[in-house]
Amino acid sequence: MHNRRFPSSEAYRLDLPARRLWLPPVDVLGAIAVHSGQTIADVGAGTGYFSLPLADAVGLQGKVYAVDSQNEMLALLRHKLDDAAILNVELIHAEASNTNLPRCSCDLFFAANVWHEFEDRSAVLKEAARVLKAGGQVAILDWRTDAPPEPGPPLDHRLDSSNAADALRSQGFQNIAVARVGLYSWLVKGEVKR
C-alpha cells in the first residue's frame with residue numbers, strides 16, 4: 001500500500017489562480033471533446049476544478065458525476081455547487097475502482113491528476129469499461145515525468161504517459177491517443193470496446 005493520495009488538508013492548492021495558467025480547463029475540455037448532453041464521470045473530482053467546467057460544457061441536458069473518495073473534498077465541492085446553483089452535478093462518495101455508477105451510464109470516464117495515486121490501475125480501468133456506454137471514452141490526465149517537481153506531486157510518484165496508454169491497451173481499449181496538455185501534463189484517451 002502506498003500513500004500518494006492528495007490530502008484534503010491541502011485542498012486550497014487545487015483552486016490557486018496560478019493553476020488556471022498552467023492547466024486551463026478550457027484546453028483540457030477541448031482536448032477531450034466534451035459537448036452538450038454528455039454524461040461524464042469526473043473521477044477524483046476533488047474540489048471540482050474540472051467538475052464545474054464539465055457541468056457547464058454538458059449543459060442541462062447532460063450530467064456530471066463528481067466521484068471522490070474523500071468526504072472533505074466533496075463537502076467543499078458541494079459549497080461551490082450550491083453557491084453557483086449548479087444542478088447537473090451529482091456527488092458520489094466512492095473509490096475509482098468501485099464508483100457505484102450504473103453500468104453503461106457514461107459517455108466519458110475522466111480521471112485528472114489521480115492516475116499516479118491509484119494502487120490498482122487495472123481495477124480502475126475495468127470500472128471505467130463497466131460504466132461507459134458503447135463507444136464511450138476514458139481520458140486520463142496526469143503529470144509529466146519531465147516537468148518540474150513544483151507544483152505537482154514528487155517526481156518519483158509520477159508515471160509516464162506510456163504507462164496509461166499500455167494499461168488501456170491491456171484492458172482492451174481502442175483508438176489510444178496521447179497528447180500534451182497545459183504546461184506540465186499529458187493526456188491519454190481510449191475508446192471502450194463492446
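Here is a short walk through this structure, from the whole chain down to a single residue. Keep in mind as you look around that this is a predicted model.

Let's begin with the overall build. The chain holds 6 helices and 7 strands. Along the principal axes, the C-alpha atoms fill a box of roughly 40 × 40 × 30 Å. A compact globule of 194 residues would have a radius of gyration near 16 Å, and the 15 Å of this chain agrees with that.

Next, consider how the chain meets itself. Taking contacts between residues at least 6 apart in sequence, 71% link residues at least 24 apart. Of the 194 residues, 48% are buried.

Finally, let's zoom in on one residue, Asp68. You will find Asp68 in strand S2, which covers residues 63-68. Is Asp68 buried or exposed? Its relative accessibility is 6%, and because buried means under 20%, Asp68 counts as buried. A polar atom of the Asp68 side chain lies 2.9 Å from the backbone nitrogen of Gln70. Leaving aside residues up to four places away in sequence, Asp68 touches Gly44, Ala45 and Gly46, then Met73 and Leu74, and also Ile92, His93 and Ala94.

Definitions and conventions. Residues numbered from 1 in each chain as written. Predicted model: local features only at pLDDT ≥ 70, side-chain atom pairs only at ≥ 80, totals over all residues. Heavy atoms only, no water. Helix = DSSP H or I, 4+ residues; strand = E, 2+ residues; numbered from the N terminus. Buried < 20%, exposed > 50% of the residue type's maximum accessible area, 1.4 Å probe, protein only. Polar contact = N/O pair within 3.5 Å; in protein donor to acceptor, adjacent residues only side chain to side chain. Contact = heavy atoms within 4.5 Å. Rg over C-alpha atoms; globule rule 2.2 N^0.38 Å.
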